[in-house]
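The structure is shown first.

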Amino acid sequence: MTIPTLTEAELRAAVERELPGVRADLERLVRIPGIAFDGFDHSHVERSAEAVAELLRGCNLDVRIVRSGGQPAVIGKRPAPPGAPTVLLYAHHDVQPVGDRALWESEPFEPVERDGRLYGRGAADDKAGIMAHVAALRAFGDALPVGVVLFIEGEEEYGSDSLERLLAEHRDEIASDVIVIADSTNWDVGVPALTTSLRGIVNCFVEVRTLGQAVHSGMFGGAVPDALTTLARLIATLHDDAGNVAVAGLVARETATVDYPEDRLRAEAGLADGVSFIGSGRLTDRIWSKPALDVLGIDAPPTNEAPNALVPTAKAKLSLRLAPGDDRKRAYAALTAHLEKNVPWGAQVTVTFEHDGDPCVIDASGPMFDAARAAFRSAWDGTDPVDIGIGGSIPFIATFQEMFPQAAILVTGVEDPHARAHGPNESLHLGEFARACLAEALLLANVARAGGSAD
Ligand code: BES
Ligand code: MN
């Protein structure tokens, strides 16, 4: 059955009409510093959930703020017209901490436009994802040809600890035939992408102790190991000389279908002069489908205060990215075993888990993927989307895949390679954002045409 809906021309005009309001609401969201990390004021996450709920109510959805021991998520529903599919629209409203404020060229929570980009923490990741969903709903108004469930998570950037419980508790509400995850990136400015694999993640802390307390470095140094050197040597065992992860038992795959030109990756990452890439194999395999292991931080005496004393304990935060096909529990066990086995000089070592998320692979074939590709092609004026992997993680996807194996998962996004998500000066390309909003509206129309509900 074909459900009457807006034509492509009408949708183009409607998205155009809605964009100024969408932009204003995006700026409103960016002003709320909702960070789910421990130690941050979570009242902002509450306010941000409220603001999202208000936006969804404005789209004529039935809205609830829900939680399961963690930060608030927002669920908004509109039932499907008879015979039409239900589409779940996912994004997250929490953001990463801002890091070193001095590195920001403008206030992180005060959105400003420069050269066609909107700067601010969360302007791209992922408040623009929320607004792409809202833009599509506003464009359709009452003529929405599908049922929708909006699921806007509140702790994605902090590992989605309560997500599994939350999804289980709201299983019936979120059941859907298709899901659109607006939390990834496009291939380049002017070239859209469909994301078909994501890495998983295991974050943990490793602490080494060599001494009961700090002691004079002149009296004992040479015979007694300091904890910082010990930790550095332990960290040095995590990679081989080429920079491949040296932890035994991790999955590594070679799946890339596209290549990242070296100089492009170098420029996008801002690699300093003379620094080489690490690892081996194609660059896209290294960043999408092989493991990566990085040290995110170290607790040790700051250099400007460090006395001439041997450091008794030192702690590092490690982040292990898992290849598609790996398993987060098995990977954490492998990493822990490696750390315990390789710690030098008999130092005491303690590994503490922080958070994790499973990787995923999506078989991007079938009518819903055709519907998405056609929508992207139209929104980007005839440019076909590229199938990409991403090296980042979205724990929601694997959890959802397990619960609803039949659902088609369309991973879209508003980011481009210059968005600097998680770093200082995060920004959204406003021209690409307009295309992403149009693409989502066209996608919903195409999905309605492509198929009825699974039940
Ligand atoms: N939007 C990102 C995922 C992403 C990364 C998309 C790179 C496109 C390119 C997402 O919000 C994110 O950063 N997730 C966290 C999850 C983690 C805390 C479990 C990540 O990957 O660090
Ligand atoms: Mn995100």
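## Basis and conventions

Helices (H or I, at least four residues) and strands (E, at least two) are DSSP runs, numbered from the N terminus. The model is predicted: local features need pLDDT of at least 70, side-chain atom pairs count only at pLDDT 80 or more, and totals for chains, interfaces and linings use all residues. Residues are numbered from 1 along each chain as its sequence is written, chains are lettered from A and ligands numbered from 1 in the order in which they are written, and side-chain values use heavy atoms, with hydrogens and water left out.

## Asp 226

Asp 226 is located in the loop between α6 (217-220) and α7 (227-236). With a relative accessible area of 17%, Asp 226 is buried (under 20% relative accessible area; exposed is over 50%, partly exposed in between, with a 1.4 Å probe and protein chains only).

Not counting residues up to four places away in sequence, Asp 226 touches Thr 210, Leu 310 and Val 311, where contact means heavy atoms within 4.5 Å. The side chain of Asp 226 also makes a polar contact with the side chain of Thr 229, at 2.6 Å. A polar contact is a pair of N or O atoms within 3.5 Å; within protein, one must be able to donate a hydrogen and the other to accept it, and residues adjacent in sequence count only if both atoms are side-chain atoms.

## Manganese site

His 92 (NE2), Asp 125 (OD) and Asp 183 (OD) coordinate the manganese ion (ligand 2) at 1.9 to 2.1 Å. Donors are N, O and S atoms within 2.8 Å of the metal (3.2 Å for Na, K and Ca); water is not among the atoms, so sites may look incomplete. The donor residues are spaced H-x32-D-x57-D in sequence. Asp 125 lies in the loop between β5 (117-119) and α3 (127-140), and Asp 183 in strand β7 (residues 178-185), so the pair ties together parts that are 58 residues apart in sequence.

Asp 125 and Asp 183 are both buried. A cis peptide bond, with omega about 5°, joins Asp 125 to Asp 126, and Asp 126 also lies in the loop between β5 and α3.

A nonpolar core is a set of buried Ala, Val, Leu, Ile, Met, Phe, Trp, Tyr and Cys residues joined through side-chain atoms within 4.5 Å. The largest has 105 residues, and Phe 151, Phe 396 and Leu 428 have the most contacts inside it. Helix α13 (residues 430-450) gives the most to this core, with 13 residues. Apart from it lies another core of 27 residues, including Val 247 and Leu 339.

Leaving aside neighbours within four places in sequence, the contacts of Phe 396 include Leu 88, Phe 151, Leu 163 and Ile 181. Phe 396 is one of the buried residues of α12. Seven of the nine residues of helix α12 (residues 395-403) are buried, so this helix is largely enclosed by the rest of the structure.

## Helix packing and backbone

Helix α1 (residues 8-30) packs with α3 at an angle of about 145°, their axes 8 Å apart. Axes are lines fitted to C-alpha atoms, for helices over the stretch in contact, and angles run from 0 to 180 degrees between N-to-C directions. Residues that meet across this pair include Leu 11, Val 15 and Val 22 in α1, and Ile 130, Met 131 and Phe 140 in α3.

Ser 160, a residue other than glycine, has a positive phi, near 50°. Ser 160 lies in the loop between β6 (147-153) and α4 (163-169) and is buried, with a relative accessible area of 7%. Trp 345 likewise has a positive phi, of about 60°, and is placed in the loop between α10 (328-342) and β14 (348-357).
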